[in-house]
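I opened the notebook on this model to look up how its elements are arranged and how they touch. The entries below follow the order in which I looked.

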Amino acid sequence: MTESDALVVRLKALAEKAGPGLWARAPMESEWGDGYMICDRGGRGNYVAHVYINVKAKAKVTTDKWQAGRRATFDYIAACSPDVILGLISRIEELEKNG
C-alpha cells in the first residue's frame, strides 16, 4: 500500500465516523468569548466544532488579519465535511476501477 493509498483509507475511516452532513462556518458568541463554529447547514443547534478567537475572560484582542485567517481556516474545514471527503474517495475509486 502506498502512502497515498494509506491516506485515502485513513480519511475514509475518519469521514465515516465524523458527524454527518454538509458543514458551514458560523459566528458564535457566548459568555466566554466570540469565535466560530463548524455546524451542519441545517442550523446552528447542531455544531460540530468551535473555537474562541476573542476570549472575554482574558480580554484578548485579535487583529482583523488574524481573524480573517481563522475564518478562512474554518471555511476550509467546513468544505471538508465527511460527505465531501467520501464523495471524493468514491470518485477516486471509480476512476481507478474504470482506468
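I took helices (H or I, at least four residues) and strands (E, at least two) as DSSP runs, numbered from the N terminus. Before going further I noted that this is a predicted model, in which local features need pLDDT of at least 70 and side-chain atom pairs count only at pLDDT 80 or more, while totals for chains, interfaces and linings use all residues. Residues are numbered from 1 along each chain as its sequence is written, and side-chain values use heavy atoms, with hydrogens and water left out.

Entry 1, the chain as a whole. I found three helices and three strands in the protein chain, and from the N terminus on they run in the order α-β-β-β-α-α. For burial I used relative accessible area with a 1.4 Å probe on protein chains only: buried is under 20%, exposed is over 50%, and partly exposed lies in between. By that rule, buried residues make up 21% of the 99 residues in the chain. Taking contact to mean heavy atoms within 4.5 Å, I noted that, among contacts between residues at least 6 apart in sequence, 38% join residues at least 24 apart.

I looked up Gly21, which sits in the loop between helix 1 and strand 1 and is partly exposed, with a relative accessible area of 27%. Not counting residues up to four places away in sequence, Gly21 touches Ser81, Pro82 and Asp83. Its C-alpha atom is separated by 9.0 Å from that of Val84, 63 residues apart along the chain. Leu22 also lies in the loop between helix 1 and strand 1, and I recorded it as partly exposed at 39% relative accessible area. The C-alpha atoms of Leu22 and Ala79 are 57 residues apart along the chain and separated by 7.7 Å.

I placed Ser81 in the loop between helix 2 (64-79) and helix 3 (82-98). Is Ser81 buried or exposed? Ser81 is buried, because its relative accessible area is 0%. Leaving aside neighbours within four places in sequence, Ser81 is in contact with Gly21, Leu22 and Trp23.

I checked its length: at 1.5 Å a residue, the 17 residues of helix 3 should span 24 Å, and the end C-alpha atoms are 24 Å apart, which agrees; the expected span is 1.5 Å times one less than the number of residues. Which residues of helix 3 are buried? They are Pro82, Ile85 and Ile89. These cover an arc of only 70° around the axis, so they are on the same side of helix 3; the arc is that of the directions from the helix axis to the C-beta atoms. The face turned away from this buried side carries the exposed residues Leu88 and Asn98. Just after helix 3, Gly99 takes a positive phi of about 70°.

Val8, Leu11, Lys12, Ala15 and Glu16 in helix 1 meet Pro82, Ile85, Leu86, Ile89 and Glu93 in helix 3. The residues of this contact divide into seven nonpolar, no polar and three charged, where Ala, Val, Leu, Ile, Met, Phe, Trp, Tyr, Cys and Pro count as nonpolar, Asp, Glu, Lys and Arg as charged, and the others, Gly among them, as polar.
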